[in-house]
Amino acid sequence: MNAIQDYRDWKLDIEPVPAAGGCTTKATILRTSSDADDGYFSYTFRNLDVSDTPEDAVQWAMEWLRGWIDDNG
């Protein structure tokens with residue numbers, strides 16, 4: 001089940017994915033543009049960390065994405 005969270009002007013959508021006996025994530029962040037002609041911005045990141053549980057993988061991805069947004073968004 002995906003974890004969805006709003007952070008600043010972005011929506012974070014994180015999906016846990018089984019990998020190598022643990023769990024990684026596929027994460028998409030989406031932001032509506034302030035200019036109506038541009039539509040929206042969307043980025044997808046795959047294989048963010050490998051954790052023991054889906055919950056740990058999602059938590060790690062949430063923290064990483066917030067840092068990425070703070071640095072780039």
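**Close-up views of a predicted model**

**View 1. Thr-25, a residue of strand β3.** Thr-25 belongs to strand β3, and the structure shown here is a predicted model. Is Thr-25 buried or exposed? Thr-25 is buried, as its relative accessible area is 1%. Have a look at what the side chain reaches: the backbone oxygen of Leu-48 sits 3.5 Å from the side chain of Thr-25.

**View 2. The surroundings of Thr-25.** Here we stay with Thr-25 and turn to its contacts beyond four places in sequence. Among them are Ile-14, Glu-15, Pro-16 and Val-17. Thr-25 also touches Phe-45, Arg-46, Asn-47 and Leu-48. Ala-57, Val-58 and Ala-61 complete the list.

**View 3. The largest nonpolar core.** This core has 14 residues. Which of them touch the most other members? They are Leu-12, Ile-14, Ile-29, Phe-45, Leu-65 and Ile-69. Strands β2 (10–19) and β3 (22–32) and helix α1 (54–72) each give two or more residues to the core. The largest contribution is that of α1, with six residues.

**View 4. Leu-65 and its contacts.** Leu-65 is one of the core residues that touch the most other members. Which residues does Leu-65 contact once its neighbours within four places in sequence are left aside? Leu-12, Ile-14, Ala-27, Ile-29 and Phe-45 are in contact with Leu-65.

**View 5. The salt bridge between Lys-11 and Asp-6.** The model has two salt bridges, and here is one of them. Side chains of opposite charge can pair when their charged atoms come close. In this view, the side chains of Lys-11 and Asp-6 meet with an N to O distance of 3.0 Å. Lys-11 is partly exposed at 37% relative accessible area, while Asp-6 counts as exposed at 56%.

**View 6. The salt bridge between Asp-70 and Arg-8.** The closest N and O atoms of this pair are 2.9 Å apart. Arg-8 is exposed, with a relative accessible area of 53%.

How values were computed:
Residues numbered from 1 in each chain as written. Predicted model: local features only at pLDDT ≥ 70, side-chain atom pairs only at ≥ 80, totals over all residues. Heavy atoms only, no water. Core = buried A, V, L, I, M, F, W, Y, C linked by side-chain atoms within 4.5 Å. Buried < 20%, exposed > 50% of the residue type's maximum accessible area, 1.4 Å probe, protein only. Helix = DSSP H or I, 4+ residues; strand = E, 2+ residues; numbered from the N terminus. Contact = heavy atoms within 4.5 Å. Polar contact = N/O pair within 3.5 Å; in protein donor to acceptor, adjacent residues only side chain to side chain. Salt bridge = Lys/Arg side-chain N within 4 Å of Asp/Glu carboxyl O.
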